[in-house]
Amino acid sequence: MTTALTPSMLLQRERELIRRGVDRCPLPQFLMWTAPWFALLVFGCYAAWLCLSQGLFHTNMDNQYAFGLWIFLDLAVIALGAGAFFTGFLLYVARKQEMKAVINSAVVIGLVCYSGAVAVLMVDVGQPLRAWFTFWHPNVHSMLTEVTFCITAYLTVLLIEYLPVALKNRKLCRVTRYAVFEYELHRLMVVFALLGAFLSFFHQGSLGGLYGVLRGRPFAFREGFGIWPSTFFLFIVSAAAVGPSFIALTTWITEKLSGHRLVEGRVYDTLARISGKILLVYVALKAADTLVWMNATAPARGFAARGFYETQPFGTWILLAEIGVFGLLPGWLLVSRRARASRAVLLCGAALACAGVALNRFVMTIQTLALPTLPFERPAQYWPSWQEAGTFLAVIAFGVLVYSFSFRYLTLFPQERELAFGGEKE
Amino acid sequence: MFPWVYGFEWTAGRIVFLGIFFSVLLVMFLTVAFVFLKSAVHFRTGRAYFIQWKSLFHELPRASRACRHALTGHLPGRVCEGAFECRECSKHGELLEQGREAAIGAGAEEIMGMTVPLDRYYHRGHCWVKPLKKGLVAVGLDELGRRLVGRPDAVETPPPGTWLVANSTAFWVKRNGTAVRVLAPVDGEVIAAGGPSDDWILKVRPPAPLDTRHLLRGDEVRAWYRREVERLELIAGRADGAPALADGGELCADLGEAFPERWDAVCGEMLLDT
Amino acid sequence: MIRKNAEGKHARYGMLIDLDRCDGCGACMVACAVENNIPPGRPGANARTGLNWIKVHRIETGGRPAFLPIMCQQCEDETPCVEVCPQNAVELDPATGVVGQIPQRCLGCRYCVTACPYHARVFNWGDPEWPAGMEKTLNPLVSPRMRGVVEKCNFCHGRWHAAREKAAADGSTGNGPVNYVPACVEACPAGAMAFGDLNDPDSALTRAVAAGEAFRLLDLLQTGPKTFYKTAFAAVRKGVAGERDA
């Protein structure tokens, strides 16, 4: 016996996928929201396809500017996605129970950031089908090998962490097999939280090391400890600092877009406090590292530090902005109890922190390559092509879509139901 | 990657790097394998349905998870952590040993216009259990449950012979094209399903002797009902801009009619469905 | 890194370029492209997207312009590109000291391109295309590269290989004084380029280096290039060597 599927029945079926006790906008409204993102995704996939099928001459990269917008995107989203491992670490290892309110959202954000980064990396390399060569014939001295191994392993960890979240969907959790698997997997999440923290430690670090080891690029080159240059550690600390900020920011944006309260106020406070403290540590380390680099590392290789800042538009303002406006200022806003008591100030601080880390990744990737090495060279110019920008936007659209669908059909914020029930609990 | 791959050398860097990588993979694999194994064991030992309920239980709002002893005021503010499985609860066992078990009552009580017979046991999912002769029990929706469900389009009962597990699905009530799951109050074999004119829905043969430690009775029912009406006000008020639920202190007879749009949400939440 | 088993005596091939003799004619670039099957530039290609293994830069050093041919400098101390390649597509051959790029292994990640301070590495931004008929002029000793991989100067590996084969046919091991010249050296009408073995005390290269006449580009980066330059003009040396705050 089959009956025709009427639109109202379709809406009913769709609503049955959404957990009871939470409000979600009607399906047509949701589809209206996703439509432009889908359009952007399709456009970006076309741009990426041009690069994959015909070659990277569709980009504006060249033999001097061999890394461009995409590598900047990779480094930035992976830093912002650090909230996934850091929140997991805080919840399962440091036992900060407030993090329960955002852990699912953090996992989805991590998954989105890392899968997006890997996807764009596959467009960025000239021969993506040879990606497995790195595993088969690894050069263990290369930072990129460390990055490749760790990110692949961590993406697997994120997928496993996403599994319980996905299986908690209202329809899926009715399947006993899924529910039992989810329950048991969730109980062992601490293993994956530890693995995630371990892997993140190394790949966030090796992304920094990626540039720090470039002895041929004195702007990026740093001395370090053992095989790891100082940027290795700076990247870890800055990623840990900005992860919670980004979680706070995305949670707030989701609250505004959905029109519902999703977490208790103190969750913001905790995220901001942790983020701010680590950010201040980072700024101190970064300042010390900059001084050592200016006074010892660079001069020893025949480069005066001031020379790096003679190239417009990369004047000293960029260094000062990184440390001051995007470092000390958000650090203070997030650490000071009085300042972060205001939600607007707190979010401002979080946004500045996120922008600061993005700026740092920009400096490490884009500025490093713009600066000349040979004395007679002029600074290199680079502006991304529309194909590069399109692929970039596709990753953003992909992230927004995955997050939107996850938010609609899964429980990203466990407190939402509780808050809808009777306001804030002590 | 492996010693037999061209170019492999036993250098310290390679051993450390690949050693760590393979260890990470191994830990991941073993953990997932362990989860599969553990799940399989749950199915074999018959705990799977309880686990399923347990994993859903923790998603419920705190107000829906109040301990039965919090309802009666013995343990104020206590929230159940054991998925309403009082048979496994050490706190409940302690209280029983102290002789704090509520006695099963007799007759019926009027609560907000609802007739609640006290000669039977109640499950938190709004099913009652009434012992019959020959070791059978009748299972039916209680008065609040009936008012929540109203006149269902269909009641989907399991076929006779099905083994029910307490807190897993007993039957489904369907209305307006959606279905709400009703929790089974006891373990046991389904013997018969009632028709629309019966006040019971299933007849079940539970394992003898009948274990009712996890079910509410007597004074507890009164306290629980008051709390449930509060909870309903909360849910329904949230759902539809708070129209009058109860007219002159009486709960309306059919919530499905009062909230055709939100029946699924309100009824599902009250019956502890996800 | 894969260390090849070197047989017999090791060599350290290097080059000496006399900047005072170079007049920027570009014959070396042409000879290199012909020898190594470098396809013509794509429409719209420029100095930075083309596939030149050797590039001659014109440098204003105040008064006298100088011409500076730059190709792979064959670094040997913690060679930047060798260190960074994730999958061993770049290796330093201990038998010759030449940094080899293996396009068949290359993933095209361009990390090595970024790592090279001399911009001596080029990436195939598109499919190589030869105008109809021109493919008949391809050098059979050198395999063309595909799209999406990195390539660079290897001191004419095809010629080195041919010389080894010839030596073997003649019954010799081929280990000994350099027995071939790269195409650029051969083509240079001014005789500005000299190819030699830094381990051979009698080569002109070794003698020039020992005499302190030669210098290297960006020496302070400690990459240890085996390509040396020489000039009699201090301004030229200052303008190209990158010893500014030394």
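Author: Rolling a probe the size of a water molecule over the atoms shows where empty space is left. In this model, which is predicted, the largest pocket holds about 1,500 Å³ of space.

Reader: Which residues lie nearest the centre of the largest pocket?

Author: The lining is made up of 45 residues, and those nearest the centre are A:Q97, A:K100, A:P414, B:H58 and B:E59. The elements that give two or more residues to this lining belong to chain A, namely α4 (82–93), α5 (103–124), α7 (143–167), α8 (176–187), α9 (189–212) and α17 (415–422). Sorted by class, the lining of the largest pocket has 20 charged residues, together with 18 nonpolar and seven polar ones.

Reader: With charged residues in mind, how many salt bridges are there over all chains?

Author: Side chains of opposite charge can pair when their charged atoms come close. With a cut-off of 4 Å between a side-chain nitrogen of Lys or Arg and a carboxyl oxygen of Asp or Glu, the count over all chains comes to 46 salt bridges. One of them pairs A:K168 with B:E59, whose closest N and O atoms are 3.2 Å apart. This pair joins two chains, because A:K168 lies in the loop between α7 and α8 of chain A, while B:E59 lies in the loop between α2 and α3 (68–71) of chain B.

Reader: How many residues does each side give to the contact between chain B and chain A?

Author: Chain B gives 54 residues and chain A gives 45. The area buried between chain B and chain A is about 4,500 Å², and carbon and sulfur atoms account for 66% of that area. On the side of chain B, the residues that lose the most area to chain A are B:F17, B:E59 and B:T274, which together make up 15% of what that side buries.

Reader: What polar and charged pairs are found between chain B and chain A?

Author: Between chain B and chain A there are eight salt bridges, including one in which the side chains of B:E269 and A:R417 meet at 2.9 Å, N to O. Residue pairs in polar contact between chain B and chain A number 19, with both residues at pLDDT 80 or more. The elements of chain B that give two or more residues to the side touching chain A are α1 (12–44), α2 (48–57), β9 (178–183), α6 (219–240) and α8 (263–270).

Reader: How many residues of chain C are in contact with chain A, and what area do chain C and chain A bury between them?

Author: Here 58 residues of chain C touch 53 residues of chain A, and the two chains bury about 4,600 Å² between them, 53% of it on carbon and sulfur atoms. C:R48, C:Y111 and C:W125 supply 18% of the area that chain C buries against chain A, more than any other three residues. The count between chain C and chain A is three salt bridges, one of which brings together the side chains of C:R110 and A:D124 at 2.4 Å, N to O. There are also 37 residue pairs in polar contact between chain C and chain A, both residues being at pLDDT 80 or more.

Methods. Residues numbered from 1 in each chain as written. Chains lettered and ligands numbered in written order. Predicted model: local features only at pLDDT ≥ 70, side-chain atom pairs only at ≥ 80, totals over all residues. Heavy atoms only, no water. Contact = heavy atoms within 4.5 Å. Buried area = accessible area lost by both parts, 1.4 Å probe. Polar contact = N/O pair within 3.5 Å; in protein donor to acceptor, adjacent residues only side chain to side chain. Helix = DSSP H or I, 4+ residues; strand = E, 2+ residues; numbered from the N terminus. 1 Å grid on protein atoms, 1.4 Å probe; cavity = no way out; pocket = protein on both sides within 12 Å on 5 of 7 lines; lining within 4 Å. Points joined across faces, edges and corners; volume = space filled by probe spheres on them. Nonpolar A, V, L, I, M, F, W, Y, C, P; charged D, E, K, R; others polar.
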